[in-house]
Structures are given as C-alpha cells and as structure tokens.
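Open the model in your viewer and keep the selection panel at hand.

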Amino acid sequence: MRRVEHVMGFPVSLRVDDEGVSEEAADAVFAWLREVDSRFSPFRADSEVSRHGRGELRRDQLSADLAEVLDLCEHYRVATGGAFDAWPPGRGFDPCAVVKGWSVQRAADLLRAAGAGRFVLNAGGDVVASGGPWRVGVRHPEQADKLCTVAELTDGAVATSARYERGDHIVDGRTGRPATGLLSMTVVAASLTEADSVATAAFALGAEGVAWAAARPGCEVFAVDAAGGVLRTEGFPVASRSRAA
Amino acid sequence: MKRAIPVVVLSIAGLVPVWRYEPSAGGTTSTTAEPAVTPSSSASSSGSGSSSASGKVVKGTTVNTDKGPVQVQVTFAGDRITAVSMLQQPNHPQTTAAVPKLIAETLQAQSADIDSVSGATITSEGYKQSLQAAIDAKGA
C-alpha cells in the first residue's frame, strides 16, 4: 500500500508492505496528522498553540499532548543552552520543530498498533522506518537531485535540518539570528521525536552542534559544514553502495 | 583516477583517558585540549581560500546537560570544520564512555537505489521535483 497526502504544509509519503494492513490504518495516520495541524499550528489563530502563545491558555489548561510537547521543548532548550527555543527572541511561540517529529513518530506508532511491521513513513523529509532493511538517502545540500549519503535502517528514524528548502527559518535562540554554521545536519535515532528535535537543535547550535548531537546517547550524526565538509559519527549506518540481493 | 577520500579521525575518544583520570572529585573537569587534528593540506575547497595552518579556533558556549556542563571547541580552516574537541566534559563515566568519535570526509554527490529520502522539510510545491516524488511515482 502506498499513499501520498499533503498535510501540515508538506508531502507525507507512506509505504506499507504488510499484506494484512487495512486502508483504514493509513486513513488513521493522515487523520491524526490533520488533527495535529489544526491543534498545534502556530499559523492558525484558533489553534491550541496560538492560544497558549497569546496567553489565553495557561499551562494547567493545556491538553496532555501539548503539555508533553512543551516538556520536550524545555528539555531541548536546556540541553542546548538556549540555542533551541520554542520562544525565540522577538518571535511568537513556535514549537513546530518538536511537534513535527513527535507527531510523525506517533503516527508510526499507530501503524504498528494496527499490525504494520514493514513500512516507511516520510513526512517532508523526516523518515520513520520499520522492519527493514530500508535504504534512506540523505539529500545533497547543494544538488537537489543527488544524495550525499545513504543510511541503512532496520527500525529507526532519520531527520535532516537545513536551510536549502525554506531559507533561514531556524533561529539560534541565544541570539535570535538565523543559524548559518552548517549546510545540513542529519540525525539517525531510535525515534523521530529525538532525531528531528536533535537535528533542529544541533542546526541551531551551528558548528558546535555536531559534537553536541554526536554525544547524545543513541544518536548518529552526518553533518555538512558551511564549506561543504562532512563530519559524521563512526556509527552512522552508511549503507553499502548497492542494494543487497 | 579516483582520489582516496581523506578520512581524518578526530580522536575525541582519545582524550577520554585524560578526563577519566582527572583527579578532581565530582563537578566538572576542564581540559584545554589541543585540536585533535590539523587540516590536511588538500582540505581547502572552493569558497574557502584561506586555510592557514593553524585555523581559527572557536569555543562554544557551555551547555548544561543532565550529567553536567559540556563545552566544545571547533577549529575552522575558512568555513571548513577541521576539528571538534571537548573543553568541558561532565566527570561521569557514562558520558565519558559515550564521547563520540567523529570522522571527517569530503562531501560526495551520488545517485543510488533507495527507498526514501531524508532532507530539509520540503514544501508541497517543491515536492514535484523531489527525489521522493520520483520514488512515490515509481512505486504507485
């Protein structure tokens, strides 16, 4: 089964190889992501996130889901010395970087609960893979039709942060200025919640984010610096040149 | 002829014993480690003409982690990162054991048989031209 839908402003591609998994399971994935968009988008004035950002909802009035997201935001803010901040200087509350990975990981958990064992879920370039081996290419930061590496995953997640698609949208929360120290930062981790948040946070940290991300337990890193040099962890799961027969 | 990829192991892990045997009890150890590697002479790429032998050394901000404060030092040749080392590392066996080894490589542009593509969040408009769209179209 394959599906592609546009949710939260980006394409979401789903491939499920299990025979017995129903179309309803895929429906539930996209329904959940549309729900997340309506509840957590900072671009919708009536969303829970926007209302919290304007001070209309106190911390104790938030849903358990948003409270969980805020806890994650706080975790990564502290862990990066403020470089990653859902309340960047001069800007409104924006937890998107955490919401994306967290919500897509939960979508993958829904699929597993529905009996899917072998699938790939790709949400705008962030990938959850299950029941591999799966070969996940990492887009070359300067050539859109090329890859800079291929990761091989059995079960896990890959996320990449960069500015080649949407410009300087990642802000260093310590300065309020766009993060420009890296061309791209890719993180492989057990969950997309961790991979996506760490990739974004490390990108916000800039050059020092490479060692920071690499030091997080369970994270493997493939970074391209501003001059186009690669720094990667020894354990990054680089796939063989061609697919095993 | 295919040139050998210069692979430089930034031996952060090699510094582990220094931290491990630092006699201070508790708190953090502070080692002023020299950059673990110096840039190879062939390291300069287009756009970074000035690669002096020593490079520019930048100390990162101190970041508080669950295990204690961490501070890294990054050495640049132009915009290229040539070394990353830890200036401050929590004096904790779990984190010292977990200090990563980083490998420096040259950036490759390759094509390969893949199942999915990770990249910066692509817009719905940009999707049509993307590799992921090609994969989705092939499998549909």
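Two strands pair if DSSP finds at least two bridges between them. Helices (H or I, at least four residues) and strands (E, at least two) are DSSP runs, numbered from the N terminus. This is a predicted model, in which local features need pLDDT of at least 70, side-chain atom pairs count only at pLDDT 80 or more, and totals for chains, interfaces and linings use all residues. Residues are numbered from 1 along each chain as its sequence is written, while chains are lettered from A and ligands numbered from 1 in the order in which they are written.

Select S5(A), S6(A) and S8(B). They form an open sheet of three strands in the order S6(A)-S5(A)-S8(B), with mixed pairing. Its edge strands, each pairing on one side only, are S6 (147-153) of chain A and S8 (116-118) of chain B. Zoom in on Val136(A): opposite this residue, in S8(B), stands Ser116(B). Three bridges pair S5(A) with S8(B) in the parallel sense.

H3 lies across S5 of chain A and S8 of chain B, at about 165° to S8(B). Axes here are lines fitted to C-alpha atoms, for helices over the stretch in contact, and angles run from 0 to 180 degrees between N-to-C directions.

Select strand S12 (residues 229-233) of chain A and strand S7 (residues 102-106) of chain B. The two run antiparallel and are joined by five bridges. Gly229(A) has Thr106(B) as its bridge partner in S7(B).

**Whole contact.** Color both sides of the contact between the chains. Chain A gives 65 residues and chain B gives 53 residues, where contact means C-beta atoms, placed from the backbone, within 7 Å. On the side of chain A that touches chain B, the largest share, six residues, comes from strand S5 (residues 134-139).

**Helix H5 of chain A.** Select residues 192-205. This helix has 14 residues and reaches 19 Å from its first C-alpha to its last, close to the 20 Å expected at 1.5 Å a residue; the expected span is 1.5 Å times one less than the number of residues. Are its residues mostly covered or exposed? H5(A) is mostly covered, with 14 of its 14 residues buried (20 or more other C-beta atoms within 10 Å of the residue's own, C-beta atoms being placed from the backbone). Step just past H5(A) to Gly206(A), which takes a positive phi of about 80°.

**Chain A overall.** Zoom out. Chain A has six helices and 12 strands. Of its 245 residues, 55% count as buried.

Note on methods:
Two residues are in contact if their C-beta atoms, placed from the backbone, lie within 7 Å. A residue is buried if 20 or more other C-beta atoms lie within 10 Å of its own, exposed if 12 or fewer, and partly exposed in between; C-beta atoms are placed from the backbone.
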